[in-house]
Amino acid sequence: MNYQTRQKELDQLLRRGIFIDLFSVVRKTFRFSTDSLSLKTIEKVYGQSHGGGDVKTAADSIVQYEKVIKERMQGNFAEAERILKNIYDYNELDCLSTKQLDDWIRGEAKKQNIEFKIKENNKSDSEEDRKSTRLNSSH
């Protein structure tokens, strides 16, 4: 099974500066006295914590989802839903933490009078590329 979908569209979003690789920004710009630069490791710097819960890492969410499948197969739907809620809560917290990291980076940049600029649409994109992106995005 091939999960590599919409690569052209993603490439265009990256080229236009719509997405920012926060890990790259953190790695190239900041110094932390931690063993890792993972989101979970550095989030205490900008005031976030994943805390407890059954799901602690992205890999753990996969293990937990396998439990969901097992519970459903055994007819334990309430337990499956409880585990799914934990996965959802973990993912929601991950998204909030990523947003907080972005806000923190921008705040630190502002303190140093560093301005973020959004790239204008890449003028070298052909009309065919833009048309293709619009058409493929509707799937």
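The model is predicted, with local features requiring pLDDT of at least 70 and side-chain atom pairs pLDDT 80 or more, while totals for chains, interfaces and linings use all residues. Residues are numbered from 1 along each chain as its sequence is written, and side-chain values use heavy atoms, leaving out hydrogens and water.

Helix α2 covers residues 22-29; helices here are DSSP runs of H or I with at least four residues, numbered from the N terminus. At its start, a side-chain oxygen of Asp21 comes to within 3.2 Å of the backbone nitrogen of Phe23. The buried residues of α2 are Leu22, Ser24 and Val26, where buried means under 20% relative accessible area, exposed over 50%, and partly exposed in between, for a 1.4 Å probe and protein chains only. These buried residues pack against α3 (39-42) and α5 (77-111).

The loop between α1 (7-15) and α2 holds Phe19. Because its relative accessibility is 44%, Phe19 counts as partly exposed. Together with Leu10, Leu13, Leu14 and Ile18, Phe19 makes a nonpolar surface patch of about 440 Å². Such a patch consists of residues with over 30% relative accessible area and no salt bridge, nonpolar side chains (Val, Leu, Ile, Met, Phe, Trp, Tyr) being joined within 5 Å and like charges within 9 Å. A salt bridge is a side-chain nitrogen of Lys or Arg within 4 Å of a carboxyl oxygen of Asp or Glu, and accessible areas come from the Shrake-Rupley method with a 1.4 Å probe, only the protein chains shown counting as cover for residues.

Across the whole structure, a search finds 4 aromatic pairs. One of them joins Phe30 and Phe32 in a tilted arrangement, 6.2 Å centre to centre and with 45° between the planes. Rings of Phe, Tyr and Trp (its six-membered ring) pair if their centres lie within 6.5 Å, and count as stacked under 30 degrees, edge-to-face over 60 and tilted otherwise. Tyr46 and Trp104 also form a tilted pair, at 6.4 Å and 35°. This pair links distant parts of the chain, 58 residues apart: Tyr46 lies in the loop between α3 and α4 (58-73), and Trp104 in helix α5. Phe30, Phe32, Tyr46 and Trp104 form one aromatic cluster.

Finally, helix α4 contains Gln64, which counts as buried because its relative accessibility is 6%. Leaving aside residues up to four places away in sequence, Gln64 touches Asp54, Val55, Ile83 and Ile87, contact meaning heavy atoms within 4.5 Å.

How values were computed. Helices (H or I, at least four residues) and strands (E, at least two) are DSSP runs, numbered from the N terminus. A polar contact is a pair of N or O atoms within 3.5 Å; within protein, one must be able to donate a hydrogen and the other to accept it, and residues adjacent in sequence count only if both atoms are side-chain atoms.
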